[in-house]
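Please keep the sequence and the structure in view while reading.

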Amino acid sequence: MTTTMRAAVCVRAGGPEVLEIRELPVPAVRDGWSLVRVMGAGLNRSELRTRQGHSPSVRFPRVLGIECVGLVAASTDPSIPEGSTVAAVMGEMGRAFDGGYAEYALLPNSLLMPVTTTLPWEVLAALPETYLTAQGALDVLGVRPGERLLIRGGTSSVGLAAATIAHGLGVEVAATTRRPEKAGALTAAGVDRVLVDDGGSLDLPGPNKPSHVLDLVGAATVADSLRLVRPGGTVCVAGSLSGWLVPGFEPIAMIPSGTRLTAFHSNDNQGAAVLERVVRNVEAGVYRPNLDRVVDLDGIVEAHRHMESNQAAGKVVMLLGR
């Protein structure tokens, strides 16, 4: 095995240009951690926020990347031998320790999720964070076949994943986008009704009110989502595309009687069993992952610019390995 690797290093807080391609030593294996040859890494908006300097606990330089898929190159866990295909998500990847923006990543054994699949690397890399978050949020919502779901922030990668999962369940799905030209991506994901969100309050007459709202925009829209949901319905906030804080939030005034407001956190991802179920559904064609684009390591700066400009409709994936 090579002793050096290429990695995209975030050298300081700033714009996309602070991501520099460097040659680094391959991390040395230690007890409780295994070395993964990274074959693909999904890119996430939380990495944009870390790069911009909005994660106070992160110290630079840092190899970002809160998820990856690849092959175990050196294992300290007998249950996950060398050569195993694995995925890893969160657990302070790319924050407290170096993450998936590199050809190799040294990861805690507790994060490794073995998976058996023939999916190509770019498809597998699009699944872990996005689909585990979408599945977890829908489980928290408790939406059932025949019910109505509204997804706010529908053309985000999690929004498109939630749409395809809900469609596969037989849920009637509406979703919002700020860009009319992205409507086709929503329809392809199984959305029944596309709503263009121009920044004002949405208008959904009584018969069209959703029983459940998955709000991926967050701070800017949660109060409006509580107004939109059917009496007794549920709103789940599982994204922060508009930031973290809801200005002037007054629970008694803003939450209608009987309406439930909840949240799903990516750190609560359910692990290997749920990922295995997602993979099987993708292989069977029940779920249709939407890849916006696939880049290599040298394309990371432009990929961040693309995501930051809100042009992406679906998952941006980086392929690695040599």
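Does R95 count as buried, partly exposed or exposed? At 25% relative accessibility, R95 counts as partly exposed. The model discussed here is a predicted one.

## Salt bridges

R95 forms a salt bridge with E92, and the closest N and O atoms of this pair are 3.6 Å apart. E92 is likewise partly exposed, with a relative accessible area of 35%. The structure holds 16 salt bridges. Another of them links R22 to E20, with 3.1 Å between the closest N and O atoms. R22 is partly exposed at a relative accessible area of 35%, and E20 counts as partly exposed at 30%.

The side chains of R179 and E181 also meet in a salt bridge, at 3.6 Å from N to O. Here R179 is partly exposed, with a relative accessible area of 30%, whereas E181 counts as exposed at 57%.

D215 belongs to strand 12, which comprises residues 212-215. D215 is buried but has no salt bridge. The nearest side chain of opposite charge is that of R152, 4.8 Å away; a salt bridge requires a nitrogen within 4 Å of a carboxyl oxygen. Leaving aside residues up to four places away in sequence, D215 touches R152, T221, V222, S225, C236, V237, A238 and G239.

## Aromatic pairs

The structure holds two aromatic pairs. In one, W33 and F97 are arranged edge-to-face, with 5.1 Å from centre to centre and 80° between the planes. W33 lies in strand 3 (residues 33-42) and F97 in the loop between strand 6 (85-89) and strand 7 (104-108), so the pair ties together parts that are 64 residues apart in sequence. Both W33 and F97 are buried. R30 lies over the face of W33, at 4.0 Å from the ring centre.

The pair formed by Y131 and Y287 is stacked, because the ring centres are 5.9 Å apart and the planes stand at 20°. Y131 is in helix 3 (residues 128-141), while Y287 is in the loop between helix 8 (272-283) and strand 15 (291-296); the pair therefore ties together parts 156 residues apart in sequence. Y131 and Y287 are both buried.

Three strands form an open sheet in the order 2-1-4, with antiparallel pairing. Strand 2 (19-25) and strand 4 (62-63) are the edge strands, each pairing on one side only. Strand 1, residues 4-10, pairs with strand 4 in the antiparallel sense over two bridges. Within this arrangement, C10 stands opposite R62 of strand 4.

## Backbone features

A cis peptide bond joins F60 and P61, with omega at about 5°. P61 is located in the loop between helix 1 (45-52) and strand 4.

Two residues in the loop between strand 6 and strand 7 also deserve attention: M90 and E92. M90 has a positive phi of about 60° although it is not a glycine. E92, not a glycine either, has a positive phi of about 75°. M90 counts as buried at 18% relative accessibility, whereas E92 is partly exposed, with a relative accessible area of 35%.

Technical notes. Residues numbered from 1 in each chain as written. Predicted model: local features only at pLDDT ≥ 70, side-chain atom pairs only at ≥ 80, totals over all residues. Heavy atoms only, no water. Pairing = 2+ DSSP bridges. Helix = DSSP H or I, 4+ residues; strand = E, 2+ residues; numbered from the N terminus. Buried < 20%, exposed > 50% of the residue type's maximum accessible area, 1.4 Å probe, protein only. Lys, Arg positive; Asp, Glu negative; His and termini not counted. Contact = heavy atoms within 4.5 Å. Phe/Tyr/Trp six-rings, centres within 6.5 Å; stacked < 30°, edge-to-face > 60°. Lys NZ or Arg CZ within 6 Å of the ring centre and 35° of its normal.
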